[in-house]
Amino acid sequence: MGKKSWRRAALAAAAALLLSAQYGCGAFGDTVPEEAGESDAHTYIQGGEELIIVGFSQIGSESIWRTANTSSVQRALTEEKGYFLISDNARQKQENQIKAIRSYISQRVDYIVFAPVTESGWDTVLKEAQDAGIPVILMDRKADVDESLYTTRIGTDLTKEGEKAARWLEGDLKEKNRLYDDINIVILQGTLGSSSELERTAGFESIASRYGNWHILDRQTGDFTTAKGKEVMTQFLQMYPDIDVVVSQNDDMTFGAIEAIEEAGMTTGIDGDITIISFDAVRGALELVQAGKINVDIECNPEQGEYVDMVIQMLERGEPVEKLYMVEERVFTHRNVARYLEGRTY
Ligand code: GZL
């Protein structure tokens, strides 16, 4: 077994022990059996093939979308496909992500994959990864750093998602002959400072600002969770008696918002008191689109693990990779949702 193999095997064993100690079952993929010693490390070299050790720092498990995103990585980076995946759930805290990335650097993993919870605050730790010669693959959200500090980003066009929401509202109001009526809008924002929140807000408002009759009464963060989304929507309903449209930056917050609206004795959706524009397009929300309770759902595709696998394989073969890979996404309304609901994997 070559020197590199022993290093990788020893790292995999150390990483699994460290993370399983630190986070219970924090290490996805094999963990070293309790009684394992040096000699058992060879279990990480499958059939003579060296495993590629990947350190994955995930934002958390705040939403159905996030869980689907994590599972797409776990399905793509399996031992059968030559990987040893070490994962960490940062519980939506940047300091936990930085800790996990530093632990991956000290264990000298082969690649670091991470979804930055917010855009800022990554320069130092990504410079440390660069100095250690470990390629960094950004997934989902952006990090506001020099491009030289990461190899590639795999994600979605979040600004375009915001623009799609405004374009849909334009079309819907035109159909109802209300394009120039006074329209009162509230925005449930995602995690403040995340590229998902920043860009969906900017994308929507870049078009909304062209209509003097569209009034954005308020925007507050529901932190992408159902509980917070319900709490903020309840406050909005107490503060603004005549809300026409809710723009909710993910389906989990939308579920909470609909609960709050119905508890206030009002209805949502196609024939409802309040129009609901949502983002993510998870299965449960698409069922509400089909039922007419959500007017439109702007998809944000979490199935990004296969792109991570593709990029790592290209890098392993010494091939050049693009700086950015965007995944496909659609807009769902009651007109087209039935066609896609059946095959929905998340
Ligand atoms: C979007 C992603 C967002 C989802 C939320 O790219 O970062 O984070 O919209 C998730 O559901 O929590």
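Here are a few notes on the ligand site and the sheet.

1. Ground rules: this is a predicted model, with pLDDT of at least 70 needed for local features and 80 or more for side-chain atom pairs, while totals for chains, interfaces and linings use all residues. Residues count from 1 along each chain as its sequence is written, and side-chain values use heavy atoms, with hydrogens and water left out.

2. The ligand has 14 residues around it, the closest being Glu-62, Asp-140, Arg-141, Arg-200 and Asp-280 (near means a heavy atom within 4 Å). By class, six are charged, four polar and four nonpolar (Asp, Glu, Lys and Arg are charged; Ala, Val, Leu, Ile, Met, Phe, Trp, Tyr, Cys and Pro nonpolar; the others, Gly among them, polar).

3. Now the polar contacts (N or O pairs within 3.5 Å). Oxygen atoms of the ligand lie 2.4 Å from a polar side-chain atom of Asp-140, 2.5 Å from one of Glu-62 and 2.8 Å from a side-chain N or O of Arg-200.

4. Strands 9 (275–280) and 10 (296–299) run parallel, joined by four bridges. Asp-280 has Glu-299 of strand 10 as its bridge partner, and Asp-280 is also among the closest residues to the ligand.

Conventions. Polar contact = N/O pair within 3.5 Å; in protein donor to acceptor, adjacent residues only side chain to side chain. Pairing = 2+ DSSP bridges. Helix = DSSP H or I, 4+ residues; strand = E, 2+ residues; numbered from the N terminus.
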